[in-house]
Amino acid sequence: MCRYLFSILAICWVLQVQAQEEPPPPKKVRIDTVHKSYVPTGLRIGTDVLALIRSKDNSFKGWEINFDTDLHRYFVSVDYGYWATNQLLGNGRYTNSGHYLRFGADVNFLLKDPEKNMFFLGMRYGISSFNESVQYSNTAMYSGFGTNSYSRSNGNLSGHWIEITTGLRVKIVSGFWMGCTARLKFAPAVSGFGQLLPYDMPGYGIVEEAPYWGFNYQLFWRLPFKTK
Amino acid sequence: MTRFLLFLMTILVGASCFNEPDCIVTATTAIKLDFKQTKTNSVTLIKSVVDSAVIFKYVKVSGISGDYLKDTTTATLSLPINPKEKTITYYLFRQSESGASTRLDSIKFSFAEETRVIAPSCGAYTFFLDLKVVQTSFNQTQYKVTSTRLLKNTTNVQISL
């Protein structure tokens, strides 16, 4: 065993001496093969298909238009939409309607994809302007006080929230994209309400639920700013 | 990074479970009064606040003709409010400890209201809040408003006798 150990140590010593005698390899020069251009190359215009499908139901009417433009691996994104609900409650009816605007940025993690597909992570800030009303009836604990009917409304509400977004954009044919966006919405705030606590904020959802989940299935058309 | 994104996607999907609100209605149209008394341990001389069962000969509520309660012994009263009014007065005819006489106490409350939609399946409910004692025959040291919101299983006022 000792002679093998001696042989191994001898080989190591020889290799170490050789390594010390070899000249150091020339430093590799990094060649920038990807030109980072922060000039937008096009504008993508899209719409949320799920909102249009949901609008077939009488309890929801809405649409959403999406815009985004590229700045290298970053995308500036703006969404504008309309949202109106007419919900039958267990003891009445709730209605609301209003517009919302979301703006923010996404980071694309598939920068080197030749088809320019996107897997992104981003953030949005949303603002909403809406009104709502509810008609309902409650029965008092003491039956002698009877059943009371209420009609409450909030005329001019404004609210805001923050979203973390992630999703995919897949190029189907030249200039046409399909995608989905998942939204984790949080920190909702509404101002301008009276005796009716805000319930459903267009663009956000149930105000008392935070975080709140949202999902869009989108179709995009890309308008290039320049041709290669 | 990929693992982080997969984790984030899982969190996002999991968060959808919380989108459906629970149908738990805590609103009530009753004010809950708890009656207490201070007892001193004869050995240790330590004072403690305990429930006090009170014999009520009658309990009257403004807006209700006749007696709301009669000949009731309890340490807790849940008395109704009239949702159409902004105030309510309770008249408590209670028997003295000796049983020889009947004492009348009254307490008048004011309250505000707000509407909350719980969920489509549950409906909308009026919640009463901002409970205040407007007028009472009890001393200021005798009562304490412990909750200004009228909620099920929540004591609103503690009265020491």
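In which strand of chain A is the place of I65(A)? I65(A) lies in strand β2 of chain A, where strands are DSSP runs of E with at least two residues, numbered from the N terminus.

Good morning. What we have here is a predicted model, in which local features need pLDDT of at least 70 and side-chain atom pairs count only at pLDDT 80 or more, whereas totals for chains, interfaces and linings use all residues. Residues are numbered from 1 along each chain as its sequence is written, chains are lettered from A and ligands numbered from 1 in the order in which they are written, and side-chain values use heavy atoms, with hydrogens and water left out.

I shall begin with the surface around that residue. I65(A) belongs to a nonpolar surface patch of about 690 Å², whose other members include L52(A), W63(A), F67(A) and Y80(A). Such a patch joins nonpolar side chains (Val, Leu, Ile, Met, Phe, Trp, Tyr) within 5 Å, from residues with over 30% relative accessible area and no salt bridge; accessible areas come from the Shrake-Rupley method with a 1.4 Å probe, and only the protein chains shown count as cover. β2 (60-71), β3 and β5 of chain A each give two or more residues to the patch, and β2(A) gives the most, with three.

I turn now to the interface. The contact, meaning heavy atoms within 4.5 Å, takes 32 residues from chain A and 41 residues from chain B. The buried area, which is the accessible area (1.4 Å probe) that the two parts lose on being put together, summed over both, is about 3,200 Å², and carbon and sulfur atoms give 65% of that. On the side of chain A, M141(A), F145(A) and W213(A) lose the most area to chain B, together 23% of what that side buries.

What about charged pairs? The rule finds two salt bridges across the interface, each a side-chain nitrogen of Lys or Arg within 4 Å of a carboxyl oxygen of Asp or Glu. One of them joins R116(B) to E208(A), the closest N and O atoms being 3.2 Å apart.

Let us stay with R116(B), which sits in strand β7 (residues 102-119) of chain B. Leaving aside residues up to four places away in sequence, R116(B) touches L197(A) and E208(A) in chain A, and its neighbours in chain B include Y125(B), F127(B) and R149(B). The C-alpha atoms of R116(B) and A27(B) are separated by 9.6 Å, although these residues are 89 residues apart along the chain.

Thank you for your attention.

Notes. Helix = DSSP H or I, 4+ residues; strand = E, 2+ residues; numbered from the N terminus. Patch = residues over 30% accessible without salt bridge, like charges linked within 9 Å, V, L, I, M, F, W, Y side chains within 5 Å.
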